[in-house]
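This report describes one protein chain in plain terms. The sequence and the model come first, followed by notes on selected residues.

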Amino acid sequence: MKKDAKSRKKSRLRLMHQYYKYTGFYSFVWKSIKKAIIPILLFVGALFALDRFVLDIEETLVMVTETYSPIVILSIFFASESLLGLIPPELFIAWAGKSASPILYLSFLAVASYVGGIVSYYIGRGITKIPSVHEAMELKLAQHIKNTRKWGGFLIIVGALLPIPFSITSIAAGIINFPFSSYLMFGLLRFVRFYLYALVIFEMV
């Protein structure tokens with residue numbers, strides 16, 4: 001019985017591996033990782049250049065924390081994460097690093113990003129009820145929607161972990177009516193991304 005169960009499990013894993021290989025999932029992940037490396041290097045390079053030639057990054061972040069209340073900054077970040085991820089989260093992670101309680105505010109950012117993704121998911125669900133908007137978004141996000149239909153939860157995992165707009169992945173998941181409970185579970189990896197990035201960014205600022 002145990003051998004049969006193990007054999008069936010191996011067969012399912014082999015079939016999944018073949019499916020993801022055949023449909024180009026591994027290639028997509030590798031390309032996404034390569035694309036993700038460039039923005040990270042640019043961000044790191046920009047920080048060093050700004051800090052050396054233009055302004056003191058540490059002083060600037062301290063000034064921001066003293067000028068604007070955490071509620072304002074977190075609200076701006078939440079709005080960004082709910083609407084196509086317009087502002088890089090790395091900037092806010094750097095801000096958290098200079099706040100009074102770095103880990104606490106980093107956790108607030110992670111929660112804001114996670115909840116923002118849920119808002120994006122329901123935006124996707126709502127879009128399907130407005131034919132004209134649905135049609136326009138289907139065209140705009142055609143490739144993303146196609147990939148989400150093919151790879152489902154694995155694409156959400158990639159969107160949660162890599163520096164690509166998580167909001168777009170969430171909207172696509174809503175449009176195809178991806179199971180909400182599964183979306184919530186895979187989306188939790190968003191927390192992992194924030195804490196891992198903070199290990200590097202906190203050292204830089």
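Which side chains are joined by a polar contact of 2.6 Å? They are those of Glu81 and Ser113. A polar contact is a pair of N or O atoms within 3.5 Å; within protein, one must be able to donate a hydrogen and the other to accept it, and residues adjacent in sequence count only if both atoms are side-chain atoms.

## Basis of the values

This is a predicted model, in which local features need pLDDT of at least 70 and side-chain atom pairs count only at pLDDT 80 or more, while totals for chains, interfaces and linings use all residues. Residues are numbered from 1 along each chain as its sequence is written, and side-chain values use heavy atoms, with hydrogens and water left out.

## Overall fold

The chain has 12 helices and 0 strands (DSSP runs numbered from the N terminus: H or I of at least four residues for helices, E of at least two for strands). Of its 205 residues, 37% count as buried (under 20% relative accessible area; exposed is over 50% and partly exposed is in between, with a 1.4 Å probe and protein chains only).

Among contacts (heavy atoms within 4.5 Å) with a separation of 6 or more, 77% are between residues 24 or more positions apart. The accessible surface comes to about 12200 Å², and 69% of that belongs to carbon and sulfur atoms. Accessible areas come from the Shrake-Rupley method with a 1.4 Å probe; for residues, only the protein chains shown count as cover.

## Glu81 in helix H4

Glu81 lies in helix H4, residues 70–82. Its relative accessible area is 5%, so Glu81 is buried. Leaving aside neighbours within four places in sequence, Glu81 is in contact with Ile87, Pro89, Ala112, Ser113, Gly116, Gly117, Ser120, Ser167 and Arg190.

## Phe92 in helix H5

Helix H5, residues 89–97, holds Phe92. Phe92 counts as buried because its relative accessible area is 8%. Not counting residues up to four places away in sequence, Phe92 touches Ile73, Ile76, Phe77, Ile87 and Leu109. From Phe92 to Ile73 the C-alpha to C-alpha distance is 8.1 Å, and the two are 19 residues apart in sequence.

## A surface patch

Trp30, Ile33, Ile37 and Leu41 form a nonpolar patch on the surface, with about 400 Å² of accessible area together. Patches are made of residues with over 30% relative accessible area and no salt bridge; like charges are joined within 9 Å, and nonpolar side chains (Val, Leu, Ile, Met, Phe, Trp, Tyr) within 5 Å. A salt bridge is a side-chain nitrogen of Lys or Arg within 4 Å of a carboxyl oxygen of Asp or Glu.

Ile33 is in helix H2, residues 25–54. With a relative accessible area of 30%, Ile33 is partly exposed.
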